[in-house]
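Subject: Structure for you to look through, with notes

Dear colleague,

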Amino acid sequence: MVKVKSISIGKYFITLFLVTFMLMVVGCSNEAVTNEVEADTGANVEETDGEAAPSAGNSVELRISHFVSPQHGQHTKVFEPFSEEVAELTEGRVTASIYPGAALGAPTAQYDMATTGVADITYAIQGYTPGKFPLSSVVELPFVAENAEKATSILWDLYNEFPEIQEEYKENKVLWLFGIDNDQILTTNKEIKTVEDLRGLKISTPSPASNAVVEAWGAIPVFMPMNEVYEAMQRGIVDGRLGPYSAVANFKLNEVTGYITEGDFYTTNFAITMNKQAWESLSEADQEAINGLLDKYRDLAAAVYSEDAELGKQAALDSGVEVTELSEDEKAGFKEALDPIHEAWVQEMDGDGLPGSQVYEEAMRLSDQYE
């Protein structure tokens, strides 16, 4: 049974009067507020040829996404100062919010997140998007570059020289590309002094290029983003990682590593790109201001990784990790096993109709130039 409350006629008219009075007050208040806003911001309501004129001083807030921690050098020494400089140079018209720790998406999704607009700027390991950057991966071939700065110079020169490499990034606006400090062999329980010591071990890797390296040494590659490596080594899911000293510092791998074989085997490429629509939404003046910063932050990104490499090696030594620095004679066996990878890369690129031979020859020339 539904109960319905009734009210007296007198109460009804009192209630009706109060409601009507309140509506009049609210209506007057809204009109006063509207008039005040229009008076203060007349530019927003002026009309030109029947259309509302654009408001002056529009601002844009960019979302920068990365997958490392807020303590990582790329966050504190690169993205934070970059954001601050952009805001300063654009007089506050372009600001940024940074989302660390894969808050907006997985490490493997970063490049595509910039393409689709999930984020406006992303920090992506190229190898996490297999097959997307085939020609760029020449810099990741073994022993092409011995450090982050050299890898960065080679990669950037190749990008500017070959339209086919520029095409690999066509969906996004390239801000900067760079390479990091070289990969070493990190193992949990077994010391690695020769190629034979690696046979049958499960070694985690960050890219197809590194998969080929591990396979050439007779080990079993296990593709894995860096933020999963600590637990995988700790639990024995893998026997080690092909990774840089900077990762030892930034992901605390010294806590799960027993041995490091130092051979500076190869580097890893990174791409910092921006959603095209977000870029085109900026004024020409603001685009010019941002473009003026890119060389600085490309070089800085590489330098920060070199700094982290020194910190990582020291952290390993302080933790009692046994570090084996291969002599040139000892390194020869590792190199010999990897020699076919270069030729296979060229054949694969040429076979796919890409200028693999030309890109490889230029990469080797640049490698000598930046020695």
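How many cavities of 30 Å³ or more does a search of the whole structure find? The search finds 2 of them.

Before the details, please keep in mind that this is a predicted model, in which local features need pLDDT of at least 70 and side-chain atom pairs count only at pLDDT 80 or more, while totals for chains, interfaces and linings use all residues. Residues are numbered from 1 along each chain as its sequence is written, and side-chain values use heavy atoms, with hydrogens and water left out.

Cavities

Rolling a probe the size of a water molecule over the atoms shows where empty space is left. Here the work is done on a 1 Å grid over the protein atoms alone: a cavity is a set of points where a 1.4 Å probe fits but cannot get out, a pocket is an open set with protein on both sides within 12 Å along at least five of seven lines, and lining residues have an atom within 4 Å of a point. Grid points are joined across faces, edges and corners, and a volume is the space filled by probe spheres set on the points.

The largest cavity holds about 160 Å³ of space. Its lining is made of 20 residues, and those nearest its centre are Ile-125, Ile-180, Met-226, Pro-244 and Phe-270. At least two lining residues come from each of strand 5 (121-125), strand 10 (240-244) and helix 8 (245-251), where helices (H or I, at least four residues) and strands (E, at least two) are DSSP runs numbered from the N terminus. Helix 8 supplies the largest share, 4 residues. Sorted by class, the lining has 14 nonpolar, 4 polar and 2 charged residues; Ala, Val, Leu, Ile, Met, Phe, Trp, Tyr, Cys and Pro count as nonpolar, Asp, Glu, Lys and Arg as charged, and the others, Gly among them, as polar.

The second largest cavity has a volume of about 60 Å³, and the residues that line it include Leu-62, Phe-82, Thr-95 and Ile-290. Strand 3 (60-65), helix 2 (73-89) and strand 4 (94-99) each give at least two residues to this lining, which divides into 10 nonpolar, 2 polar and no charged residues.

The largest pocket contains about 380 Å³ of space. It is lined by 21 residues, of which Pro-134, Ser-137, Pro-208, Ala-209 and Trp-345 are the closest to its centre. Two or more lining residues come from helix 6 (208-216) and from helix 12 (328-351), and helix 12 gives the most, with 5 residues. By class, this lining has 12 nonpolar, 6 polar and 3 charged residues.

The second largest pocket holds about 160 Å³. Among the residues that line it are Glu-146, Asp-181, Tyr-245, Asp-264 and Lys-313, and the largest share, 4 residues, comes from helix 11 (residues 294-318). Its lining has 3 nonpolar, 4 polar and 5 charged residues.

Helices that pack together

Helix 6 and helix 12, which both line the largest pocket, pack at an angle of about 140° with their axes 9 Å apart. Axes are lines fitted to C-alpha atoms, for helices over the stretch in contact, and angles run from 0 to 180 degrees between N-to-C directions. Helix 6 is therefore oblique to helix 12, given that angles under 35 degrees count as roughly parallel, over 145 as roughly antiparallel, 65 to 115 as roughly perpendicular and the rest as oblique. The contact (heavy atoms within 4.5 Å) is made by Ala-212, Val-213 and Ala-216 of helix 6 and by Ala-337, Leu-338 and Ile-341 of helix 12. These residues divide into 6 nonpolar, no polar and no charged.

Helix 4 (148-161) and helix 13 (residues 356-369) also pack at about 140°, with axes 10 Å apart.

Backbone

Most residues other than glycine have a negative phi. Phe-143, although not a glycine, has a positive phi of about 65°, and its place is in the loop between strand 5 and helix 4. Asp-264 likewise has a positive phi, near 50°, and lies in the loop between strand 11 (259-262) and strand 12 (269-275).

With best wishes
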